[in-house]
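My notes are below, in the order I made them.

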Amino acid sequence: MSFPSRFKKTLQKHPVFRRFFYSFYFRLVLLDFKKNQLLLIFWLIFFGIITNNVAPRYGVAYLFWGPEYFDKISFLAYFITGFACGGFIMSYNIASYIKNGFRFPFLATLRNPFMKYCLNNFFLPVTFTLLYCIKIFFFLKDEGLFSALEILLMILGFVAGNIFFIFIAFTYFFRTNKDITKLYGIQSSELSLKSFKETNYNGERNPHLIKESRDWYVETYLVTPFKIRLVRSVRHYKKEMLKAVLKQNHRAAFIFQILTIISLITLGLFSSFSAFEIPASASLFLLFTMFLMLFSSFYTWFRGWSTVIFFTFLILFNYLHKIDFLSIDNRAYGLNYNTKKASYDYDHFKQIDIDYDNLLKDRNATLEILNKWKVKNTSFAEPDKKPKIVFVNVSGGGCRSSLWTLYTLQYTDSILNGKLLKQTQLMTGSSGGMVGAAYIRELYLRKQEHKIPTYYGQEFRTNISKDVLNPIAFTVATSEWLFPLKSFTVDGHKYAQDRGYAFEQRLEENTGYVFDKRLKDYKMPEANSYIPMMIFTPSIVNDGRKMYISPQGISYITQNPKTDKTDFNKLFDALEYSRFFKEQGAENTVFTSVLRMSATFPYISPVVSLPTEPRIEIMDAGLRDNYGLEATFAFIKTFNDWIAENTSGVVIIQIRDKHKNIPIDENPSQTLVEALSRPLGSFYGNLFQVQDYNQHQQIQMADLWCKSKIDIIDFQLRNELNDRISLSWHLTNKEKKKVSASIFLPENQAAVKKLVELLK
């Protein structure tokens with residue numbers, strides 16, 4: 001690597017600086033920045049994660065600072081994460097050695113050349129490990145769960161796991177890595193640094209080493225972490241001999257890579273065993289290790305063409321997934337994809353829209369539910385007193401919303417001695433909030449069936465807030481990046497065991513398998529008004545329409561009503577899942593799949609493909625209506641007269657994962673990149689706020705058409721920008737405490753008081 005003559009003269013005047021500048025370890029750092037930018041990108045991502053600069057909103061750093069194994073932060077969890085980190089470090093060293101070893105021919109004459117290379121290539125791994133350990137210490141200290149000694153033990157677990165993998169790798173390379181002595185019986189010669197002055201060439205660079213090392217001239221190298229030696233000339237060795245040593249070592253490294261990749265894929269076959277649900281941080285290390293090893297394997301075979309061929313492979317690999325048996329399309333479990341597909345076209349939409357017989361049938365069936373609700377909520381002591389009808393709207397927000405929704409309903413229902421859930425007619429919303437609402441509704445049903453004594457217990461909050469990410473990340477790291485390796489059957493229909501399956505299985509395990517039901521299993525409990533109705537509203541990715549999912553017929557929400565005063569070109573903005581997929585067995589859909597369709601967080605859980613022609617895909621309900629108000633108003637409009645006649649008013653409870661009135665952005669000075677990205681970023685960043693503005697208009701307009709008084713009560717999670725709770729399916733202990741403490745905020749206590757007054 002050439003530098004200006006003035007810089008070379010400076011090096012000659014300062015031998016200590018010169019010795020550092022021409023040291024092997026420093027030259028490897030320079031080499032990374034000049035030649036190995038791809039390797040640096042991997043490191044940049046991990047440095048960004050552990051410093052909470054990559055995806056801070058989603059709490060990715062917490063997965064690394066506080067890894068969980070069997071739902072606990074433990075020594076073993078850190079050991080597993082450290083072991084996976086060690087794999088990534090070794091894959092980095094192998095990739096670097098394969099790509100750059102030829103630039104340093106003196107390595108072929110050293111004992112254990114690959115180990116010497118790793119020892120001198122220490123800067124990024126050691127810096128990362130030290131920074132990681134510091135972050136672990138401050139995180140665990142802030143969590144307040146462990147003593148200082150226990151925290152040090154956790155850090156030791158991470159370091160021990162790291163060292164253990166490196167030990168395994170070096171054991172392999174001790175046996176397979178050969179130098180020129182082992183291959184040809186020639187004695188290698190390593191010169192002590194004390195001879196440096198004798199061979200310093202009066203401050204000039206050794207001309208023999210310049211010729212041997214091309215532009216990466218090296219004078220010294222580390223032989224142990226604390227011992228330096230001088231590089232000796234290898235010009236007296238034949239080039240063929242040096243190349244043979246390098247080639248043999250590359251072959252050994254390649255075999256190690258292949259064995260590691262096969263081991264990881266094999267590991268994926270055991271994903272159904274809970275012992276293999278390793279921390280998500282370890283899975284991410286494994287995934288990046290896989291990518292690094294694949295790329296360096298390509299380099300072993302194709303050299304300068306490796307990058308082009310690698311990306312060509314990725315393109316071909318991408319198109320392979322169009323083949324049905326290799327497809328990674330996720331499906332709703334229980335739905336029949338082998339029968340005739342439903343027609344997704346305007347002719348079919350029009351046919352459904354003008355089916356007023358179904359509209360009347362569904363309306364009458366829901367009126368029966370409402371009448372049963374009225375009987376249940378009419379007091380024998382005061383038969384003329386009309387009850388308030390309650391609608392619960394919940395927002396998305398992953399695990400934080402699940403926990404917040406469950407706890408808010410537990411707390412308020414207990415204050416009201418069970419009247420809240422009893423008077424609730426409908427629950428709707430999106431994502432994690434609907435998972436929490438579905439959980440307490442199921443517990444409420446089980447209480448009525450005398451299967452549990454209460455649904456207010458702390459254990460239920462513990463269950464709903466357990467980690468869901470570990471099995472998802474493990475599935476991605478070990479199998480789904482390639483092809484789903486395993487499958488399972490429901491009603492004779494075959495489905496892939498992908499991250500969607502991992503999500504549902506973990507949710508079932510966390511909640512004690514209370515969701516082991518089909519959509520149809522809730523039809524009679526809802527019809528008899530034992531439990532509130534639930535309407536799920538996932539969005540159709542293809543065109544933004546809604547897919548309304550309910551065991552009841554709800555065509556009165558999805559169809560366009562007859563109009564007398566307006567004439568316009570109607571839109572078909574929603575479909576009714578149960579009727580649209582009746583021939584495909586919609587009622588048999590596994591209930592956890594219904595929950596997942598409503599809570600499809602991008603890239604964490606896969607979008608769900610449905611059996612239509614052309615194919616459509618479903619994702620998170622928050623795309624259209626994060627708070628469920630549109631479905632609630634559609635229901636109230638349909639039964640406006642009945643509600644006015646049989647109730648004393650409407651109470652809409654909004655359980656939100658953030659404050660409605662968000663702080664005003666001060667719009668600080670921007671970098672050029674921030675200025676360019678701000679318009680688009682602000683649009684998507686304010687998506688839910690825009691929904692709030694639109695729904696505010698709907699609430700004001702409701703005063704014109706609604707015949708009953710509407711009271712809207714907000715329960716708002718404390719979730720400030722400078723102390724945000726992760727939008728994730730994993731929460732830290734501190735975040736869980738913050739969610740629970742939010743119910744005692746003054747504004748939420750005022751909401752509780754108002755709710756008690758309305759329902760007393």
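These entries cover the salt bridges, then a charged surface patch, then the cysteines.

**Entry 1: salt bridges**

A reminder to myself before I start: this is a predicted model. How many salt bridges does a search of the whole structure find? I get 21.

I began with Asp71 and Arg506, whose side chains meet in a salt bridge at 2.7 Å, N to O. Asp71 sits in the loop between helix 5 (60-65) and helix 6 (75-100), while Arg506 belongs to helix 22 (residues 499-510), so this pair ties together parts that are 435 residues apart in sequence. Asp71 is partly exposed, because its relative accessibility is 30%. Arg506 is buried, with a relative accessible area of 5%. I also noted that Asp71 and Arg506 are linked with Glu277 in a network of salt bridges.

Next I went to Glu526 and Arg441, where the side chains form a salt bridge at 2.6 Å, N to O. Glu526 is in helix 23 (residues 523-527) and Arg441 in helix 19 (residues 431-448), so the pair links distant parts of the chain, 85 residues apart. Are these two partners buried or exposed? Both Glu526 and Arg441 are buried.

I found Asp491 in the loop between strand 8 (487-490) and strand 9 (493-496), and Arg518 in the loop between helix 22 and helix 23, so the contact ties together parts that are 27 residues apart in sequence. Asp491 has 47% relative accessibility and therefore counts as partly exposed.

**Entry 2: a patch of charge**

Which residues gather in a patch of positive charge on the surface? I wrote down Lys385, Lys419, Lys422 and Lys760. I followed up on Lys760, which is placed in the segment after helix 32 (746-759). Lys760 counts as exposed because its relative accessibility is 65%.

**Entry 3: cysteines**

I then searched the whole structure for disulfides and found zero. Cys85 counts as buried, because its relative accessibility is 0%. I looked up Cys706 as well, and at 12% relative accessibility Cys706 also counts as buried.

How values were computed
Residues are numbered from 1 along each chain as its sequence is written. This is a predicted model: local features need pLDDT of at least 70, side-chain atom pairs count only at pLDDT 80 or more; totals for chains, interfaces and linings use all residues. Side-chain values use heavy atoms; hydrogens and water are left out. Patches are made of residues with over 30% relative accessible area and no salt bridge: like charges are joined within 9 Å, nonpolar side chains (Val, Leu, Ile, Met, Phe, Trp, Tyr) within 5 Å. Accessible areas come from the Shrake-Rupley method with a 1.4 Å probe; for residues, only the protein chains shown count as cover. A salt bridge is a side-chain nitrogen of Lys or Arg within 4 Å of a carboxyl oxygen of Asp or Glu. Lys and Arg count as positive and Asp and Glu as negative; His and the chain ends are not counted. The place of a charge is taken as NZ of Lys, CZ of Arg, CG of Asp or CD of Glu. Helices (H or I, at least four residues) and strands (E, at least two) are DSSP runs, numbered from the N terminus. Buried means under 20% relative accessible area, exposed over 50%, partly exposed in between (1.4 Å probe, protein chains only). A disulfide is a pair of cysteine sulfur atoms within 2.5 Å.
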